[in-house]
Amino acid sequence: GSDRGTIHGGVAEANLTLDMAKRLRDILVAQGWQVKLTHDTDVDVYAPNDSAHDELQARVNIANAAGARLFVSIHANAFINSGPYGTTLYITKPDDVALARVVETHLENDGTKDDGVVKSNMYVTHHTRMPAVLIETAFLSNPNDYSLLTSAAWREKVAQEIADGINQYAKEYPAPNQPAQ
């Protein structure tokens with residue numbers, strides 16, 4: 001879409017994160033999950049060249065209207081210099097904590113530094129009605145993280161680790177009126 005996210009070395013965050021989201025979807029669907037992406041091509045969700053607010057709200061609306069069990073937003077981070085690196089999970093609501101903690105434990109082996117779970121007022125985690133986490137998988141601005149992000153095998157590994165975390169969360173915190181797995 002019109003917001004490509006951070007771009008480093010000619011590589012756009014949007015391409016990497018959409019790839020990871022599709023990989024995650026494919027893994028979860030193969031395991032029997034119903035998965036709805038807010039978009040599965042590189043387009044604006046609300047409208048071309050829309051405002052950041054409208055774009056984020058459109059993503060929230062899709063999840064809330066679907067009655068989603070969980071909301072996962074996948075990103076790549078960047079900084080003004082190449083120093084920072086690692087994976088960070090952002091949450092807002094008390095209901096987000098357990099999901100983030102379980103997913104974090106699975107991402108500890110992804111080859112990046114674990115920057116932990118951070119409470120923040122990210123728009124999508126704040127406005128979704130279900131447990132939500134925004135995952136900054138690695139820093140495109142850091143050379144080591146960049147090499148991970150640009151590896152298809154690493155993106156597949158991260159997608160699998162997120163899926164493993166989602167499955168563990170679903171077992172430990174079954175949906176209301178659903179038996180534990």
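Is Lys157 buried, partly exposed or exposed, and what is its relative accessibility? At 35% relative accessibility, Lys157 is partly exposed, where partly exposed lies between buried (under 20% relative accessible area) and exposed (over 50%), computed with a 1.4 Å probe on protein chains only.

This is a predicted model, in which local features need pLDDT of at least 70, side-chain atom pairs count only at pLDDT 80 or more, and totals for chains, interfaces and linings use all residues. Residues are numbered from 1 along each chain as its sequence is written, and side-chain values use heavy atoms, with hydrogens and water left out.

**Salt bridges overall**
- The whole structure contains 8 salt bridges, each defined as a side-chain nitrogen of Lys or Arg within 4 Å of a carboxyl oxygen of Asp or Glu.

**Pair in helix H6**
- Lys157 and Glu161 form a salt bridge with an N to O distance of 3.1 Å.
- Both residues belong to helix H6 (residues 152-172), where a spacing of 4 residues places them about one helical turn apart; helices are DSSP runs of H or I with at least four residues, numbered from the N terminus.
- Glu161 is buried, at 7% relative accessibility.
- A network of salt bridges with shared partners joins Asp19, Arg23, Arg155 and Glu156.

**Pair in helix H1**
- The closest N and O atoms of the salt bridge between Asp19 and Arg23 are 2.6 Å apart.
- Helix H1 (residues 13-30) holds both Asp19 and Arg23, 4 residues apart, or about one turn.
- Asp19 is partly exposed, its relative accessible area being 21%.

**Buried pair**
- Lys93 and Asp96 are joined by a salt bridge of 3.0 Å, N to O.
- Both Lys93 and Asp96 are buried.

Technical notes. Helices (H or I, at least four residues) and strands (E, at least two) are DSSP runs, numbered from the N terminus.
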